[in-house]
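Work through the exercises below with the sequence and the coordinates at hand. Each task is followed by a solution in steps.

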Amino acid sequence: MTVTAQAYASAREEIARRPGLTGPGRRAALTELTDDWLGGLFAAGITSTPDPFCLVAVGGYGRGELTLGSDLDLLLLHKSGVSEASRAADSLWYPIWDSGVRLDHSVRTVSEARRLASEDLKVILGLLDARPVAGDQSLFEQLRSAVLADWRAMAEKRLPELRDLVQERRERFGEASQLLEPDVKESYGGLRDAVVLEGVRASWVTDVPHGAWQESVGFLLDVRDALHRVTGRALDRLVMQEQEAVAVELVGVPDAEALLRAVYESARAIAYASDVTWHRVDRLTRSRQRSGFRPLRRKTPARIPLTDGVVIQDGEAVLAMEARPGSDEGLLLRAAAAAAQAGLRLSPHTVERLAAEGVVPRVPWSRSVRESFIALLGAGPSTVPVWEALDQAGIIERLIPGWDVVRSAPQRNPLHTYTVDRHLVETCVRASSLTRNVDRPDLLLMGALLHDIGKARGGDHSEVGARMAVDLAARMGFKDDDVAVIEALVRHHLLLPDTATKRDLEDPVVISGVAETLGTLDVVDLMHELVVADSLATGASVSTDWRFALLGDLVDRLRAVMAGRPLPEPPELSEQQRVALEQPGVWVLMDVGDAASVVTVAAPDRVGLLGLVAGVLSLNRLNVLAARVQTVGDRAVQEWTVRPAFGDPPAVEQLGDDIRRAIEGTYDVAARLAKRDADYAKPPPGGYPEPHVDVRADGSRGMTLVEVRAHDVPGLLHRVARAVTAADASIVGAKVSTLGADAVDVFFVTDTAGQPLTEDRMAALRVTVLSALG
């Protein structure tokens with residue numbers, strides 16, 4: 001008796017609720033249920049036809065990876081005419097549609113399916129995983145043997161095309177091991193890449209690495225299965241609001257943090273296997289195209305010496321036949337450094353030998369071992385694949401105790417592009433291009449590697465990391481003075497950027513305090529380059545020209561103080577700014593750039609001027625990246641670094657007219673912002689994180705400092721400035737920074753008589769600003 005569509009749907013729901021089933025068991029049960037149901041439909045509707053048919057499971061269904069959210073990929077093979085095939089297909093497709101399960105279907109003859117596979121890489125990958133469900137299996141065998149033969153014959157042409165598709169998908173969906181919300185199917189290192197790896201294996205062009213990546217596929221399938229169950233939808237992107245619920249569904253995953261780390265680990269394993277495989281495919285196909293030689297593996301590959309115990313073979317660094325990793329303590333890092341410096345990968349077999357037989361250097365490391373390590377860190381982008389190979393084999397943790405804590409540790413901060421460990425490696429990559437600017441490049445690279453080593457451990461990561469850096473640097477054989485410098489780099493790596501973007505650089509007390517903390521010009525120079533490398537490795541939002549200009553200004557002042565020279569004078573006003581100050585009324589200039597524009601406003605100084613101008617900029621859809629305010633006599637000059645939210649910036653005439661009308665009172669900025677917020681402002685579920693407002697005395701300059709950290713919503717500056725005005729205070733200076741979705745702003749405030757605020761008024765001002773921020 002044929003099972004109805006409703007009965008099939010009910011049976012699927014029963015499997016979803018069945019206690020004790022884990023992901024693999026659930027997928028197997030769904031696959032078996034579906035096979036049985038489709039077999040019954042086939043028997044009822046097709047077996048009476050005179051011509052042979054075969055129902056084939058394709059793609060994920062063919063691999064037995066069905067989840068509740070999966071669609072059914074089916075191919076009906078036939079030898080009959082079009083009308084007979086159409087009637088046979090209808091007897092299958094309609095019940096599937098009635099069940100509510102999504103269907104991806106096709107009806108083909110063997111020759112039609114073969115031709116389509118030869119034209120479409122996605123089709124051929126799906127057919128490589130195909131298996132028969134019901135009917136004449138000889139049709140399936142004909143198709144499978146033909147498709148495999150074609151795939152292997154076309155490998156030289158089709159694999160580069162497949163490589164391009166993989167790269168396009170990588171650029172579109174990102175790397176699953178680095179994203180806060182990875183797509184477990186489409187992101188690089190996800191399930192799609194596992195399918196591609198099996199396709200490459202089937203081509204017989206090259207071997208695909210064995211090991212952890214195959215186990216990782218199972219875990220990502222479990223995550224996808226749990227995500228479908230939790231959401232009731234066919235979602236593959238592991239969004240943050242679902243991560244905790246998905247973790248609950250999985251055995252041995254205590255919370256969302258552990259889930260994300262485990263996803264990263266799995267994705268890294270798949271991505272590493274993919275990187276190695278494509279490196280070999282690229283090399284072999286290029287070699288074959290150059291030589292015209294058909295065999296893809298040479299019998300006697302050349303072995304070119306690279307360093308002691310290491311040679312180049314088939315485009316990879318491999319151990320020489322005479323190498324003895326079990327007795328040569330320097331070989332491990334020497335091989336890694338030589339490979340990275342030569343722009344080569346370590347062969348997987350070499351990595352396996354080093355992991356199994358290699359000895360960890362004795363503590364403290366010898367100078368030669370330490371120099372190999374520094375050479376590895378300073379090899380630029382080539383460091384990354386070599387480091388990843390060692391890390392996948394567990395070697396890095398043996399070299400750097402405690403590395404496992406930061407390995408694949410998520411950074412739930414949208415400013416960061418990478419996990420903690422990858423960020424440290426990327427900082428080394430960036431620092432490697434800056435080593436010519438310092439006297440001790442080894443200390444710069446060590447600072448780059450260890451500056452965030454204290455993360456994921458609780459407490460202040462700078463303090464925790466500094467203590468770890470002392471132990472690690474001593475372990476690696478650095479002298480005591482060098483250990484102290486590395487400790488300072490780690491402990492104070494946030495000092496320069498925080499000071500440059502949040503403090504008044506014209507205040508000698510601020511400059512002398514930083515100088516006293518860092519101690520020497522050598523440390524200042526090292527710290528400067530470390531901050532640049534750290535910023536570049538973090539992402540575009542913190543590596544802007546204006547931020548680097550502030551950092552450079554601070555460093556110049558530090559060098560002047562520490563060399564006994566007077567501090568630089570505040571930058572002189574440009575000729576245009578001088579002209580603007582001399583004109584009556586309001587003067588607006590705009591210098592339009594590719595990445596950002598600078599808007600200069602000169603106007604009679606008045607209470608609330610900053611808020612009005614900020615509001616006008618917001619209404620003109622200009623996002624503020626930075627701002628500086630100066631007062632000269634009874635005139636104020638404001639310099640705003642802005643970027644359009646979309647499109648081109650407004651014409652300076654329009655912007656100037658809006659600012660003039662706002663100052664004159666004929667352009668109601670507050671009302672227009674309120675209307676826009678009411679019409680368009682839609683915070684996410686749960687709202688934004690709580691804003692932070694700190695109000696404290698800045699006695700050295702007779703002012704009050706107001707520091708605001710909040711989500712950068714439109715009109716934020718206007719609201720803060722209005723709140724200050726409402727508290728009977730005046731903004732006499734401001735330094736505004738926007739980093740990703742976060743605003744980090746500092747305002748220099750006095751009362752209306754030009755005096756710093758009292759303690760009571762500071763407390764009241766904080767409440768007022770917090771209230772304005774909602």
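**Exercise 1: the largest pocket**

The largest pocket has a volume of about 1,400 Å³. The model is predicted: local features need pLDDT of at least 70, side-chain atom pairs count only at pLDDT 80 or more, and totals for chains, interfaces and linings use all residues. Residues are numbered from 1 along each chain as its sequence is written, and side-chain values use heavy atoms, with hydrogens and water left out.

Task: Determine which residues lie nearest the centre of the largest pocket and which helix gives the largest share of its lining.

Solution. 
- Step 1. On a 1 Å grid over the protein atoms alone, a pocket is an open set of points where a 1.4 Å probe fits, with protein on both sides within 12 Å along at least five of seven lines; lining residues have an atom within 4 Å of a point. Grid points are joined across faces, edges and corners, and the volume is the space filled by probe spheres set on the points.
- Step 2. The lining holds 50 residues, and Gly59, Asp73, Lys122, Gly126 and Arg192 lie nearest the centre.
- Step 3. Helices (DSSP runs of H or I, at least four residues) and strands (runs of E, at least two) are numbered from the N terminus. Helix 8 gives the largest share of the lining, seven residues.
- Step 4. By class, the lining has 24 nonpolar, eight polar and 18 charged residues. Here Ala, Val, Leu, Ile, Met, Phe, Trp, Tyr, Cys and Pro count as nonpolar, Asp, Glu, Lys and Arg as charged, and the others, Gly among them, as polar.

**Exercise 2: salt bridges**

Task: Locate the partners of the salt bridges of arginine 87, arginine 163 and arginine 169.

Solution. 
- Step 1. A salt bridge is a side-chain nitrogen of Lys or Arg within 4 Å of a carboxyl oxygen of Asp or Glu; the structure holds 47 of them.
- Step 2. Arginine 87 pairs with glutamate 84 at 2.6 Å, N to O. The two are three residues apart in helix 4 (residues 82-99), so about one helical turn separates them.
- Step 3. Arginine 163 pairs with aspartate 282 at 3.7 Å, N to O. This pair links distant parts of the chain, with arginine 163 in helix 8 and aspartate 282 in helix 12 (residues 256-291), 119 residues apart.
- Step 4. Arginine 169 pairs with aspartate 193 at 2.9 Å, N to O. The former is in helix 8 and the latter in helix 9, so the bridge ties together parts 24 residues apart in sequence.
- Step 5. Compare accessibility, where buried means under 20% relative accessible area, exposed over 50% and partly exposed in between (1.4 Å probe, protein chains only). Arginine 169 is buried at 10%, and aspartate 193 is buried at 1%. Arginine 87 is exposed at 51%.

**Exercise 3: backbone geometry**

Task: Where are the cis peptide bond and the positive phi angles of alanine 456 and aspartate 728 placed?

Solution. 
- Step 1. The cis bond joins valine 363 and proline 364, with omega about -5°. Proline 364 sits in the loop between helix 14 (348-357) and helix 15 (367-377).
- Step 2. Alanine 456, not a glycine, has a phi of about 65°. Its loop runs between helix 20 (441-450) and helix 21 (461-475), and alanine 456 is partly exposed at 49%.
- Step 3. Aspartate 728 has a phi of about 60°. Aspartate 728 lies in the loop between helix 31 (716-726) and strand 15 (729-739) and is exposed at 51%.
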